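Have the viewer ready and follow along.

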Amino acid sequence: MNLAKTVFLSSLSTGMKFLSSLVINKVIAIYIGPAGIALIGQFQNFLGIVTTIGNGAINSGVTKYVAEYNGVDDTKKNEVINTAMLMTFIFSLVIGAITFAASSYYSQMILHTREYHFIFKLLGITLILISFNSILLSIINGLKEIKLFIMINILSSIFSLIITSVLTIIFGLSGALLALVIVQSMILLITLPLVIRKMKDSFQLHIKIDQFHIRKLMAFSLMAIVAVIASSLTQIMIRNFLIKTLSIEQAGYVQSVWMISMMYLLVLTTAFSTYYLPRLSELVHSYDLRKEILSGYKITIPFVIVTAFCIYLLRDQIISILFTPEFSEMRSLFAFQLMGDFLKMASWTLAYLMIAKAMTKLYILTEIIFSLSFYGFTILFVQQNGLEGVTHAYALNYFLYLITILIIFRDVIFNKEKKDDSM
């Protein structure tokens, strides 16, 4: 299956997720408002950190090695899967216990009140379910069962729509936060039967950790942990800075425009994770890698340009459909946010190669540097330009990131092609 077909299938999944998000966003905007959306963004980032660490942050590694061994060495493939499941069990129990015990502290730190400590307790209890669902999806991805992967995502979107809307309408902000935990944990009820049916004849579960694959998976674990902590903490710190400097409502406007970017870019990010990571993991010669990356650019660049341009032209209608008139102030944030989205996808097409080829040190270094620079630029530009400074910082940061990635891979990949040709 090529990237174009993967993008098409991803579009079906993203279309369903987009439609469900339309309803969810509207419900949240009506019943909670900008301030509530800012707090939901805070909790989503915290949730991302906890769930990533909760399964050992080995998703990308599982996808890579399952893809490499699938159909080539089933014994090693099963060793990877068994090791991943046992690691997930251990990590989720430990992190879940910590989250449960420190629930009041986390509630105060993330949501500025201890009122929601019960949400964090529930997260601690259900983390093992969330973690196993995540690892099962990584296995499906590595097996290149893209249709199954997309089907699960579609069913998850429908489930999320129903639960989130109902709980938000009944309980307000508490219901929306509760839904984030419940939906992620209960999706396992959808994933597990499908995976069992798919793998029942080709996989045997053993309570055994293979040290060789632990080391390999932990390289990806370190990359994923750094990435999620760097990006999530940066967003949390930016919102906290905006709340203190401007207002919680204005922090909500920024979160809202980030949500729009996330929704339309999901077509590409899903395709990257379902197609690019397994595909780049398979390729060895730099010529093939270069060809795959260039073919990716032929799809990603036109898609982002056309979609971003349409979103900018229709920004008033989008605000009206997704939110309420109370959010009209966010219209000034679209221009530089969409410009940053273009630069982000242009750089990510290359940056995924660092994950696929386990370039751990380089990946970690760039993640830390550009997360810190985003926060620094935000403080600088907000002080000079007000709320729009956040999007100015976003666009500048990804421009510098793209330049850096191009310089790195000019040496790592493109020039290496000459070596391959001479061998």
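Over the ring of which residue does the charged end of Lys121 sit? The ring belongs to Phe100, and the charged end of Lys121 lies 5.6 Å from its centre; a charge counts as sitting over a ring if NZ of Lys or CZ of Arg is within 6 Å of the ring centre and within 35 degrees of the ring normal.

This is a predicted model, in which local features need pLDDT of at least 70 and side-chain atom pairs count only at pLDDT 80 or more, while totals for chains, interfaces and linings use all residues. Residues are numbered from 1 along each chain as its sequence is written, and side-chain values use heavy atoms, with hydrogens and water left out.

**Aromatic pairs**

- The structure holds 13 aromatic pairs; rings of Phe, Tyr and Trp (its six-membered ring) pair if their centres lie within 6.5 Å, with planes under 30 degrees apart called stacked, over 60 edge-to-face and the rest tilted.
- Tyr253 and Phe327 make an edge-to-face pair, because their ring centres are 6.1 Å apart and their planes stand at 70°.
- This pair links distant parts of the chain, 74 residues apart: Tyr253 is in helix H11 (residues 248-282), and Phe327 is in the loop between helix H13 (315-322) and helix H14 (334-356). Helices (H or I, at least four residues) are DSSP runs, numbered from the N terminus.
- Tyr253 counts as buried at 7% relative accessibility, and Phe327 is buried at 0%; buried means under 20% relative accessible area, with a 1.4 Å probe and protein chains only.
- Tyr394 and Tyr398 are also edge-to-face, since their centres are 5.4 Å apart and their planes are at 75°.
- These two tyrosines are four residues apart in helix H16 (residues 389-414), or about one helical turn, and both are buried.
- One aromatic cluster is formed by Phe43, Phe46, Tyr105, Tyr106 and Phe120.

**Helix H13 and its arginine**

- The charged end of Arg315 sits over the ring of Tyr312, 4.0 Å from its centre.
- Arg315 is also one of the buried residues of H13, together with Ile318, Ile319 and Leu322.
- Down the axis of H13, these buried residues fall within an arc of 100°, so they line one face of the helix; the arc is that of the directions from the helix axis to the C-beta atoms.

**Around Pro34**

- Pro34 is found in helix H2 (residues 33-54) and counts as buried at 2% relative accessibility.
- Leaving aside neighbours within four places in sequence, Pro34 is in contact (heavy atoms within 4.5 Å) with Ile248, Glu249, Gly252, Tyr253, Glu326 and Phe327.

Methods. Buried < 20%, exposed > 50% of the residue type's maximum accessible area, 1.4 Å probe, protein only.
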